[in-house]
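Me: I am new to this structure and would be grateful for a close look at a single part of it. Please set that part in its context before turning to the details.

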Amino acid sequence: GPFAMAVRETRTTMKRVAPVDDSRSESRTLLLANLPASITRERMVQWLDESRFEGHYDAVVAATGEDGRHRGYVFVNFESVSVRDAALEVMAEGRLLTRLGRQVRVSKAPQMRSP
């Protein structure tokens, strides 16, 4: 579907990173919700890089509808569960929230299972 296509496109354009811990039991992905419509995938990547996570994530997927409009949430897949937890802590401290001017919800995304 369109989500899988976006993930494939994102992964081919992002830098590849070697996994630090290959934990299959827990998702390495964060879900950021309630983002302003003005946030783009590029802005999210810029913020992650400025927050010292450059090279520690391999996919940033901004959810869009069939009309191409931003749906207000982004998935970020990190190289390991420990890096995901560090990013969650940074976001919980409000560093991202201050820049966006609204209450962004950040949570661990559920582990996606292959069919």
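What percentage of the 115 residues in the protein is buried? With that settled, how do helix H2 and helix H3 cross, and which residues meet there?

Reply: The model is a predicted one. Buried residues account for 42% of the protein's 115 residues. The protein contains four helices and four strands, and from the N terminus its elements follow the order α-β-α-β-β-α-α-β. Of the contacts between residues at least 6 apart in sequence, 74% link residues at least 24 apart.

The part requested is the contact of two helices. Helix H2 spans residues 41-53 and helix H3 spans residues 81-92; their axes come within 11 Å and cross at roughly 105°. Because angles of 65 to 115 degrees count as roughly perpendicular, H2 is roughly perpendicular to H3. On the H2 side, the contact is formed by Trp-47, Leu-48 and Phe-53, which meet Val-83, Ala-86, Ala-87, Val-90 and Met-91 of H3. The residues of this contact comprise eight nonpolar, no polar and no charged.

Terms used:
Residues numbered from 1 in each chain as written. Predicted model: local features only at pLDDT ≥ 70, side-chain atom pairs only at ≥ 80, totals over all residues. Heavy atoms only, no water. Axes fitted to C-alpha atoms, helices over the stretch in contact; angles between N-to-C directions. Parallel < 35°, antiparallel > 145°, perpendicular 65-115°, else oblique. Contact = heavy atoms within 4.5 Å. Nonpolar A, V, L, I, M, F, W, Y, C, P; charged D, E, K, R; others polar. Buried < 20%, exposed > 50% of the residue type's maximum accessible area, 1.4 Å probe, protein only.
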